[in-house]
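Biologist: Could we go through this model together? I would like to begin with the aromatic residues and then turn to the charged ones.

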Amino acid sequence: MILLATALASWLGGAPGHAGNLVEFPNLSDHAPTKLLGYLARPELGLSGLLGSHSDRAEPYPAVVVLHGCGGFSSHSAQIADRLGAWGYVALTVDSLGPRGIASRCGGGGFDQAFDAYAALRYLSQLDFVDPARVAVFGQSMGGHSALYAVDRDLAAQYFEERFRAAIAYYPGCGIPAAAMTAPTLVLIGEADDWNPAERCREMVAHSRPDGATIALSVYPGVYHAFDVAELKPGVRFLGHWLEYNEPAARDAEQKLRAFLAANLGGISREDPAEK
């Protein structure tokens, strides 16, 4: 754990543009390992704070738990947290693989990443600058599936009294039959995704239970897996699947994400003053 923390801290310290910091927080009492690691971004410490975009906001802030994909914690994970911080949210990207000594889960194998989300929720809820009633969970690919799993009434959510206020899943595996979400959910996926087929997301939405929260689904024609990862330009084939950045889809998804968070966490402007 010490070596991992040192490596991550060194990476963060040497990576330009990152204003957050590495944190260690307790895992759930009956789960291993006993400690998890994460990257924490705060509105008043990043670009948003430097520009004074949220200087008139009174704490506590709404927050977002960020779950990474099967490749683990990366610069992309930190960039997501930084972007959310610039929008006025506290953001905690959870490293679910490193503390477990796992390099990748892209070849298969499972663990309870959704439960890591609840450990992160409990940690954030104890911070005096976070509003525990306004925390969302966000994930991509494997993390997107875990975000869905976390808010389904019959899956992870049944074990916790705490509730996420909203859930967002980028290109997730949508294999949840009769989904009954405990929070409004947004799913964004490419029609051409050959890793997590969009049709399964359509089926999940179509068969979701009427007593659950709403699931909004956006499917982008001709768009592949990992469409928001700018480093995937040009696209690449990985484990038999095509991954490719798509700027129009990435921009539209970001706009939908920002509007969805504003609508469900409340109190955050959809535009920063610096962007007008």
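**Aromatic and charged contacts**

Modeller: One aromatic cluster is formed by Phe-115, Tyr-118, Tyr-159, Phe-160 and Phe-164. Rings of Phe, Tyr and Trp (its six-membered ring) pair if their centres lie within 6.5 Å; planes under 30 degrees apart count as stacked, over 60 as edge-to-face and the rest as tilted. This is a predicted model, in which local features need pLDDT of at least 70 and side-chain atom pairs count only at pLDDT 80 or more, while totals for chains, interfaces and linings use all residues. Residues are numbered from 1 along each chain as its sequence is written, and side-chain values use heavy atoms, with hydrogens and water left out.

Biologist: How many aromatic pairs does the structure hold?

Modeller: The structure holds eleven aromatic pairs. One of them joins Phe-25 and Tyr-123, which are stacked at 5.1 Å centre to centre with 25° between the planes. Phe-25 lies in strand E1 (residues 21-26) and Tyr-123 in helix H4 (residues 113-125), so this pair ties together parts that are 98 residues apart in sequence. Helices (H or I, at least four residues) and strands (E, at least two) are DSSP runs, numbered from the N terminus.

Biologist: Are Phe-25 and Tyr-123 buried or exposed?

Modeller: Both Phe-25 and Tyr-123 are buried. Buried means under 20% relative accessible area, exposed over 50%, and partly exposed in between (1.4 Å probe, protein chains only).

Biologist: And what about Tyr-118 and Phe-160?

Modeller: Tyr-118 and Phe-160 are also an aromatic pair, stacked at 3.9 Å centre to centre with 5° between the planes. Tyr-118 lies in helix H4 and Phe-160 in the loop between helix H5 (142-151) and strand E6 (166-170), so the pair ties together parts that are 42 residues apart in sequence. Tyr-118 and Phe-160 are both buried.

Biologist: Let us change topic. How many salt bridges are there?

Modeller: The count comes to eleven salt bridges, each being a side-chain nitrogen of Lys or Arg within 4 Å of a carboxyl oxygen of Asp or Glu. Asp-116 forms one with Arg-100, and their closest N and O atoms are 2.8 Å apart. Asp-116 lies in helix H4 and Arg-100 in the loop between strand E4 (90-95) and H4, so parts 16 residues apart in sequence are tied together.

Biologist: How buried are Asp-116 and Arg-100?

Modeller: Asp-116 counts as buried because its relative accessibility is 1%, whereas Arg-100, at 22%, counts as partly exposed.

Biologist: Which residues are linked in a network of salt bridges?

Modeller: Such a network links Arg-153, Asp-154, Arg-209 and Asp-211.

Biologist: One more topic: what does Leu-84 touch?

Modeller: Leaving aside residues up to four places away in sequence, Leu-84 touches Val-64, Val-66, Tyr-89, Ala-91 and Leu-261; contact means heavy atoms within 4.5 Å. Leu-84 is placed in helix H3 (residues 75-86) and counts as buried at 2% relative accessibility. The C-alpha atoms of Leu-84 and Leu-261 are separated by 9.8 Å, although the two residues are 177 apart along the chain.
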